[in-house]
Amino acid sequence: MAQIRGTAGYNLGPSSQNRFGVGAGYTNMKAEATNDPSPLDSIRAQTSKIEDWLDTLSEPVKPYLPAIGRFLIVVTFLEDAVRILTQWNDQLLYLHDYRHFPRGANHMFLALNVIAMLICSTMVIIRKHSNEAVAGLLGVVVTQALGYGLIFDLNFFLRNLSVMGGLIMVLSDSWVRKKFAPAGLPQIDEKDRKMYLQLAGRILLIFLFVGFVFAGDWSVSRIVVSALGFVACVMVVVGFKAKFSAVMLVLILSVFNVLVNNFWTLHEHHPQKDFAKYDFFQILSIVGGLLLLVNMGPGQFSVDEKKKVY
């Protein structure tokens with residue numbers, strides 16, 4: 001009975017293929033069609049070569065990449081704390097006259113924000129109590145948006161979504177490095193949380209670029225940069241060559257930051273100086289989140305991880 005379901009029972013061996021005109025030529029054509037790479041495979045091969053070259057180039061700084069990323073993520077909070085302290089009276093006046101804070105409440109609002117930003121940023125940098133530190137900084141983002149009346153400012157909203165994405169990457173990074181139970185394997189629920197956090201962080205990080213695309217006047221250079229950035233953002237979100245695309249976004253944002261938000265070239269009393277400085281440090285925070293993505297990888301919810309399975 002075994003032969004009935006095999007090729008022997010139907011005489012479908014190599015000799016029968018030749019009898020029906022199916023010979024070596026057909027076999028070779030089939031092999032060539034199977035081996036013909038798809039466009040996606042070609043892109044993957046090229047980006048793999050670039051990633052290998054980038055890995056070799058960045059080898060000296062790799063051990064310091066997580067620390068650099070963490071510092072850059074919180075640098076906007078440190079700058080904001082210093083700015084509030086150096087412009088204390090102006091901040092009090094704005095909150096009282098324009099935001100209608102009662103006297104005393106404006107002092108309390110600024111003091112709590114400064115304390116939270118300094119303490120939580122320090123904890124993020126030294127990798128201590130990362131969960132509480134990230135929660136505190138997320139709270140600062142929300143309270144400042146409400147306190148300064150910027151919650152409905154689209155550009156501010158998108159930028160802060162990206163900053164929150166960077167903070168989520170910090171949280172994910174701290175869980176990746178966390179020591180697990182003695183058995184040596186992470187618990188399933190914690191592993192799932194890390195996967196979801198890495199996915200959420202990747203998605204939120206790209207919102208800054210969305211704001212960049214829809215803000216300002218269009219030009220040829222802006223269209224080219226927007227097109228490249230859009231492709232890189234999509235690759236980051238789906239996790240296809242996420243490290244390579246994150247490096248692309250780091251380069252684009254860094255060049256843009258230096259050329260556009262060059263606050264150091266403005267006069268001390270220039271009306272746009274504080275805005276340019278604020279934008280500069282916010283972009284640095286998002287660059288820090290992308291550096292953590294380069295260091296950690298995109299996580300299991302990504303094309304890069306799925307292709308390892310298949």
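Accessible areas come from the Shrake-Rupley method with a 1.4 Å probe, and for residues only the protein chains shown count as cover. The structure is a predicted model, in which local features need pLDDT of at least 70 and side-chain atom pairs count only at pLDDT 80 or more, while totals for chains, interfaces and linings use all residues. Residues are numbered from 1 along each chain as its sequence is written, and side-chain values use heavy atoms, with hydrogens and water left out.

A nonpolar patch on the surface is formed by V142, L146, I151, F152, L154 and F157, which together have about 650 Å² of accessible area. Helix 8 (130-147) and helix 9 (154-176) are the elements that give two or more residues to this patch.

The chain has 15 helices and zero strands. These elements are DSSP runs numbered from the N terminus (helices: H or I, at least four residues; strands: E, at least two). Of the 310 residues of the chain, 40% count as buried. The chain exposes about 18,200 Å², of which carbon and sulfur atoms supply 67%. Among contacts (heavy atoms within 4.5 Å) between residues at least 6 apart in sequence, 71% join residues at least 24 apart.

Helix 8 also contains L137, which is buried at 0% relative accessibility. Leaving aside residues up to four places away in sequence, L137 touches V74, F77, A116, M117, C120, S121, V124 and L167. L137 and M117 are 20 residues apart in sequence, and their C-alpha atoms are 6.4 Å apart in space. S121, in helix 7 (residues 105-126), is likewise buried, with a relative accessible area of 0%. With the residues up to four places away in sequence again left out, S121 touches V74, F77, L78, A116 and L137.

Three salt bridges are counted, each defined as a side-chain nitrogen of Lys or Arg within 4 Å of a carboxyl oxygen of Asp or Glu. In one of them R70 pairs with D173, and the closest N and O atoms are 3.3 Å apart. R70 lies in helix 5 and D173 in helix 9, so this pair ties together parts that are 103 residues apart in sequence. R70 is buried at 1% relative accessibility, and D173 is buried with a relative accessible area of 1%. A salt bridge also joins R83 to D80, with the closest N and O atoms 2.1 Å apart. R83 and D80 are three residues apart in helix 5, and about one helical turn therefore separates them. Both R83 and D80 are buried. The side chains of R159 and D279 meet in a salt bridge with an N to O distance of 3.8 Å. This pair links distant parts of the chain, with R159 in helix 9 and D279 in helix 14, 120 residues apart. R159 is buried, with a relative accessible area of 10%, and D279 counts as buried at 17%.

Grid points are joined across faces, edges and corners, and a volume is the space filled by probe spheres set on the points. The structure holds one cavity of 30 Å³ or more. About 110 Å³ of space lies in the largest cavity. Its lining consists of T76, F77, D80, M117, V140, V141, Q144, F156, N160, V163, Y278 and Q282. Helix 5 (65-86), helix 8, helix 9 and helix 14 (273-296) each supply at least two residues of that lining.

The largest pocket holds about 780 Å³ of space. Its lining has 18 residues, of which R83, Y148, L150, D274 and F275 lie nearest the centre. Helix 5, helix 6 (88-97), helix 9 and helix 14 are the elements that give two or more residues to the lining of the largest pocket. Helix 14 provides the largest share, four residues.

Key:
Buried means under 20% relative accessible area, exposed over 50%, partly exposed in between (1.4 Å probe, protein chains only). Patches are made of residues with over 30% relative accessible area and no salt bridge: like charges are joined within 9 Å, nonpolar side chains (Val, Leu, Ile, Met, Phe, Trp, Tyr) within 5 Å. On a 1 Å grid over the protein atoms alone, a cavity is a set of points where a 1.4 Å probe fits but cannot get out, and a pocket is an open set with protein on both sides within 12 Å along at least five of seven lines; lining residues have an atom within 4 Å of a point.
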